[in-house]
Amino acid sequence: MNWYKKAQQEFEEPPKWEYPGAPHDFDPAWEHEVNLNPDQEIVQFVDGYINKLKKELIPQIEDIEDMKVGYIQNTGTDMIAKYINGTRNWPVFLIDIESTKKAVRELGLNIYDQIEMSILHELGHAIEECNGLPFDENRAEQFAFNYQFLGEIERFWEQ
Ligand SMILES: [Zn+2]
C-alpha cells in the first residue's frame with residue numbers, strides 16, 4: 001500500500017450515517033469497518049432495488065416503515081450481508097460488497113441476483129424480529145426466494 005492510500009484510509013472520515021425518521025440511532029461504524037469507497041455500480045443498483053421494494057413490497061408488510069443499507073468491509077468472516085438486531089421496523093442491512101463478489105465468483109452466481117436475495121433475506125429477519133419470531137435461516141431464505149423468483153409474499157408472520 002502506498003503512502004497516499006494509507007493516509008487516505010487513516011484520515012478520511014466515514015460518510016455521515018443518516019436515517020431520517022428512524023427511532024434508533026444505530027450507526028454501522030459502531031460495529032464494523034465502514035467501506036468508504038463502495039463500488040458505485042453496486043451502490044446504485046442497491047438504491048434502485050430498495051426504492052422498488054419501498055414502492056412494491058413494503059406497503060404490503062405492515063411492520064416495516066423504511067429500510068436502509070450500509071456498506072462494510074474486512075469483517076474477518078465470509079458474511080456477505082446482515083440485519084442489525086433491534087432495528088426492527090426501521091431495519092438496517094449491512095452489505096459487504098467484496099465478500100459478495102467473492103461468494104458469487106465461487107458459486108457462479110449473478111451478483112445482482114445475489115444482492116437482491118441478500119436484501120430480501122435480511123428483510124425476512126427484520127420481519128421475524130418485529131413479530132417476536134426467532135431468526136430462522138430457512139424461513140428468511142424462503143421469503144426471499146418466493147418474492148424474488150415467484151413474485152409472491154410468503155406471509156410467514158401471519159401463520
Ligand atoms: Zn440469515
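The model is a predicted one, in which local features need pLDDT of at least 70 and side-chain atom pairs count only at pLDDT 80 or more, while totals for chains, interfaces and linings use all residues. Residue numbers start from 1 along each chain, following the sequence as written.

Helices (H or I, at least four residues) and strands (E, at least two) are DSSP runs, numbered from the N terminus. Here are the elements to look for:

| Element | Residues |
|---|---|
| Helix H4 | residues 111-130 |
| Helix H5 | residues 137-150 |
| Strand S4 | residues 92-95 |

**The helix pair**

H4 and H5 pack at an angle of about 130°, and their axes are 8 Å apart. Axes are lines fitted to C-alpha atoms, for helices over the stretch in contact, and angles run from 0 to 180 degrees between N-to-C directions. Among the residues that meet are Leu120 and His121 in H4, and Phe143 and Tyr147 in H5; contact means that C-beta atoms, placed from the backbone, lie within 7 Å.

**The sheet**

Let's turn to the strands. Four of them make an open sheet, ordered S1-S2-S4-S3, with mixed pairing; two strands pair if DSSP finds at least two bridges between them. S1 (33-34) and S3 (81-83) each have a single partner strand, so one side of each has no neighbour in the sheet. S3 and S4 run antiparallel and are joined by three bridges. In one of them, tyrosine 83 has phenylalanine 93 in S4 as its bridge partner.

Note on methods:
Contact = placed C-beta atoms within 7 Å.
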